[in-house]
Amino acid sequence: MARSADDRGTRVRERTRTRGEWPETLDVEDLLARGWRPTPFREFVLKVHSRCNLACDYCYMYEMADQGWRDQPRRMARPVVERVAERIAEHARAHGRGRVDVILHGGEPLLVGLDHLRHTVQVLRKANEPDVHIDLRLQTNGVLLDTHFLDLFDDLGVRVGVSVDGTREDHDRHRRRFDGRGTHAEVRAGLELLGSPRYRHLMSGLLTTVDLESDPVATYEALLEFAPPTVDLLLPHGNWDTPPRGWTPDGAAYGAWLVAAFDRWYHAPRRETNIRLFNEIIRLVLGRPSRTESVGLSPAALVVVETDGSIEQVDSLRSAYDGAAATPLHTLTHAFDQALYLPSVAARQIGARALGPTCAACPLARVCGGGLYPHRYRSGSGFRNPSVYCRDLYRLIEHVRQTVAADVARLREGR
Ligand code: SF4
């Protein structure tokens, strides 16, 4: 049943109530007076469908603290799509951006169906092009991928990212249907189709959640079978209140897992694929800025639009607490510019100023950047803490730094 505007207002007030934690106390006026300026959004994540056909046990949408999806319409209605498209164009033009990234996301975005996807993409392009180019991607669990969808994406110029967790056994341990059946066989079939000569140019990459029960080398090699241009290795979402599975306060098991995967990837005789996390750490240790939110101090320029048109922050914040990603803004009544001045959004754009004392004193702070923002949460102090993965990140970054330094030394010596 559709909710009234009053219902929505009440729910938004509940979900954005103050908790007395950082960054609520961040003084954006003061930042502006000191010369800070927000970074316009360049990546727009559109939740075109709020439900999923799978029940993965680590999913931040459905299995963690934030249950806001229950209030959302199942799909983004056509008038909302039109409004969002206008808002993106308004934002891009106001900031002179000739190109923005739009990611069609969910839940499972393929659940909206062919016609709705076609309409969404056409509306987005019509509102923005020719002066604002839209680079469109869709992130799917891969189960429904077939030639009908892929022909549509080929026609519309939409690239596709697929979530897959490595070997069949490892994938099926977590990525299951509601009745408990694993999904690897269907995802594999979808990926083989996407990787076939006719559609290969549409593959944007694979997204894999790290699992300590999986062997890192076997996971990496299972992903290579699909010849992905890029792999995103994601640490499972967690924080100091709700630590990740298998995490211990004085261990670095995730760091060890990532080091093993890095060594297999880095020391391969040829570059087999890009692993975004490793590429970015290498860039950072060589003194360049990061291009991702997970490491480094670069400003986050991503914003999310829910199926009802409300403006939210990065999705993974949902893992912290109910309402952590919510804002009081809606594309019907607010421009994206207004989101840039919210303390919660500014906090992810101010680099080292967002770090707590432990990170500020850390020798790896410029590379690590305190880790992914949602992983820093602790009730009481909010997001001004080291990442719950601090030890893991330290171990990985130090290993990458030493490996790259040894290679640079060898090159300098002409070896
Ligand atoms: S999270 Fe840990 S490793 Fe990263 S900057 Fe903070 S103290 Fe350093």
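These legends describe close-up views of a predicted model.

**View 1. The residues around the ligand.** The shell around the ligand consists of 13 residues. Cys359, Cys362, Cys368, Pro386 and Cys390 are the closest of them. Three helices each supply at least two residues of this shell: H13 (357-360), H14 (365-368) and H15 (390-412). Of the elements that contribute, H15 gives the most, with three residues. By class, the shell has nine nonpolar and four polar residues, and no charged ones.

**View 2. The pairing of S6 with S7.** Strand S6 (residues 230-234) and S7 run parallel and are joined by two bridges. Within this pair, valine 231 stands opposite isoleucine 275 in S7.

**View 3. The packing of H3 against H4.** Two packed helices are described by the angle between their axes and the distance between the axes. For helix H3 (residues 78-94) and helix H4 (residues 114-128), the angle is about 30° and the axes are 8 Å apart. Angles under 35 degrees count as roughly parallel, which means that H3 is roughly parallel to H4. The crossing of H3 and H4 is right-handed. On the H3 side, the contact is made by Arg78, Val81, Glu82, Ala85, Glu86, Ile88, Ala89 and Ala92. These meet His119, Thr120, Val123, Leu124, Ala127 and Asn128 in H4. The residues of the contact of H3 with H4 comprise eight nonpolar, three polar and three charged.

**View 4. The packing of H4 against H5.** Here the axes of H4 and helix H5 (residues 147-156) cross at roughly 10° and come within 11 Å. That angle makes H4 roughly parallel to H5. H4 passes H5 in a right-handed crossing. From H4, the contact takes in Leu114, Leu117, Arg118 and Val121. From H5, it takes in His148, Phe149, Leu152 and Leu156. Six nonpolar residues, one polar residue and one charged residue make up the contact of H4 with H5.

**View 5. The packing of H8 against H9.** The axes of helix H8 (216-224) and helix H9 (residues 253-266) come within 8 Å and cross at roughly 50°. At this angle, H8 is oblique to H9. The crossing in which H8 passes H9 is right-handed. The contact of H8 with H9 has seven nonpolar residues, no polar ones and one charged residue.

View 6. Most residues other than glycine have a negative phi, and most peptide bonds are trans. The bond that joins glycine 106 and glycine 107 is cis, with omega about 20°. Glycine 107 has its place in the loop between strand S2 (99-105) and H4. A cis bond also runs from glutamate 129 to proline 130, where omega is near 15°. Proline 130 lies in the loop between H4 and strand S3 (133-140).

**View 7. A positive phi at alanine 227.** The phi of alanine 227 is near 50°, a positive value in a residue other than glycine. Alanine 227 belongs to the loop between H8 and S6.

Conventions. Residues are numbered from 1 along each chain as its sequence is written. This is a predicted model: local features need pLDDT of at least 70, side-chain atom pairs count only at pLDDT 80 or more; totals for chains, interfaces and linings use all residues. A residue is near a molecule or strand if its C-beta atom, placed from the backbone, lies within 6 Å of it. Helices (H or I, at least four residues) and strands (E, at least two) are DSSP runs, numbered from the N terminus. Ala, Val, Leu, Ile, Met, Phe, Trp, Tyr, Cys and Pro count as nonpolar, Asp, Glu, Lys and Arg as charged, and the others, Gly among them, as polar. Axes are lines fitted to C-alpha atoms, for helices over the stretch in contact, and angles run from 0 to 180 degrees between N-to-C directions. Angles under 35 degrees count as roughly parallel, over 145 as roughly antiparallel, 65 to 115 as roughly perpendicular and the rest as oblique. A crossing is left-handed if the near helix is turned anticlockwise from the far one by less than a right angle, and right-handed if clockwise. Two residues are in contact if their C-beta atoms, placed from the backbone, lie within 7 Å. Two strands pair if DSSP finds at least two bridges between them.
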